[in-house]
Amino acid sequence: HPPQNPTGIHLEHRVDILTFSVPDQSQIANMKLAIAALLAGSAAAFAPAQSGKASTALNMAFESELGAQPPLGFFDPLGMLADADQERFDRLRYVEVKHGRIAQLAFLGQIVTRNGIHLSGNIDYAGNSFDSFPNGWAAISGPDAIPQAGLLQIVAFVGILELAVMKDVTGEGEFPGDFRNGALDFGWDTFDEETKLSKRAIELNNGRAAMMGI
């Protein structure tokens, strides 16, 4: 007889037992092979076409470029260097270095201002102090953002740096991102080649980390 609950209504219980058999080792191996074949077919459908020995040689050359290091090694998931020449690589490296430097400055600005450190004085003639504005994106967008004239000044200053300062003006750059222009050396020419490569690699990795962090 089914048990009776406190309400006096009889409840019927039914348990359906599902039976199944455990596959043996040979069946498991066949399943793994089938899955591997499907994955290989899918990858082949989206794989880029072969572009000849010249392209292969260039890709092999890029694999030894600065920045291709453990743990990822040569990492190009979007295939931007699939058919690229040295000029294309140098352009992408130039952009990467510049974005990395900007991200490092942005990250430094974040940790400094969020630590309560701001410029002294006022940001405008109305008497609004620098520390009266919020940190981060809220400082330039939102109800408590800096005045629009201040934002325009920042954009204009960045534009001047981009067009006239932060570039290889004199054509003396030894590598992509070399903006010394015969003036800002800081003892670079006193380093040996191994030290130069090490410092460039450190800057590159710090820039990548800052781009991810910001």
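Which residues of α5 are buried? Keep that in mind while you get your bearings.

**Before you start**

This is a predicted model, in which local features need pLDDT of at least 70, side-chain atom pairs count only at pLDDT 80 or more, and totals for chains, interfaces and linings use all residues. Residues are numbered from 1 along each chain as its sequence is written, and side-chain values use heavy atoms, with hydrogens and water left out.

**Whole chain**

Show the protein as a cartoon. It has 5 helices and 0 strands, in the order α-α-α-α-α from the N terminus. Helices (H or I, at least four residues) and strands (E, at least two) are DSSP runs, numbered from the N terminus. Of the 214 residues, 14% are buried. Buried means under 20% relative accessible area, exposed over 50%, and partly exposed in between (1.4 Å probe, protein chains only).

Now colour by pLDDT, the predictor's confidence in each residue, from 0 to 100. The mean is 79, and 72% of the residues reach 70 or more. Select residues 9-22: their pLDDT is below 50, and the stretch has 7 contacts in the model beyond near neighbours in sequence. Contact means heavy atoms within 4.5 Å. Next select residues 41-53: pLDDT is again below 50, with 2 contacts beyond near neighbours in sequence. Where pLDDT is low, the predicted coordinates should not be read in detail.

**Stop 1: helix α5**

Select residues 193-213. The end C-alpha atoms of α5 are 30 Å apart, which agrees with the 30 Å that its 21 residues should span at 1.5 Å a residue. The expected span is 1.5 Å times one less than the number of residues. Here is the reply to the opening question: K196, A201, L204, G207 and A210 are buried. What covers them includes α3.

**Stop 2: helix α3**

Move to residues 86-113, which form α3. This helix has 28 residues and reaches 41 Å from its first C-alpha to its last, close to the 40 Å expected. Its buried residues are F89, R93, Y94, V97, K98, G100 and A103.

**Stop 3: R93**

Show the side chain of R93, in α3. R93 counts as buried because its relative accessibility is 10%. Its side chain reaches the backbone oxygen of L66 at 2.8 Å. Leaving out residues up to four places away in sequence, R93 touches L66, G67, P176, L204 and R208.

**Stop 4: K98**

At 10% relative accessibility, K98 counts as buried. Which side chains make polar contacts with K98? One is Y94, at 3.0 Å. Another is E162, at 3.0 Å. A polar contact is a pair of N or O atoms within 3.5 Å; within protein, one must be able to donate a hydrogen and the other to accept it, and residues adjacent in sequence count only if both atoms are side-chain atoms. Beyond four places in sequence, K98 is in contact with E162, M166 and F179.

**Stop 5: the rings**

The structure holds 4 aromatic pairs. Rings of Phe, Tyr and Trp (its six-membered ring) pair if their centres lie within 6.5 Å; planes under 30 degrees apart are stacked, over 60 edge-to-face, the rest tilted.

Select Y94 and F179. Their pair is edge-to-face, 5.7 Å centre to centre with 70 degrees between the planes. Y94 sits in α3 and F179 in the loop between α4 (148-165) and α5, so the pair ties together parts 85 residues apart in sequence. Both residues are buried.

Finish with F175 and W188. Their ring centres are 5.8 Å apart and their planes at 50 degrees, so this pair is tilted. Both F175 and W188 are buried.
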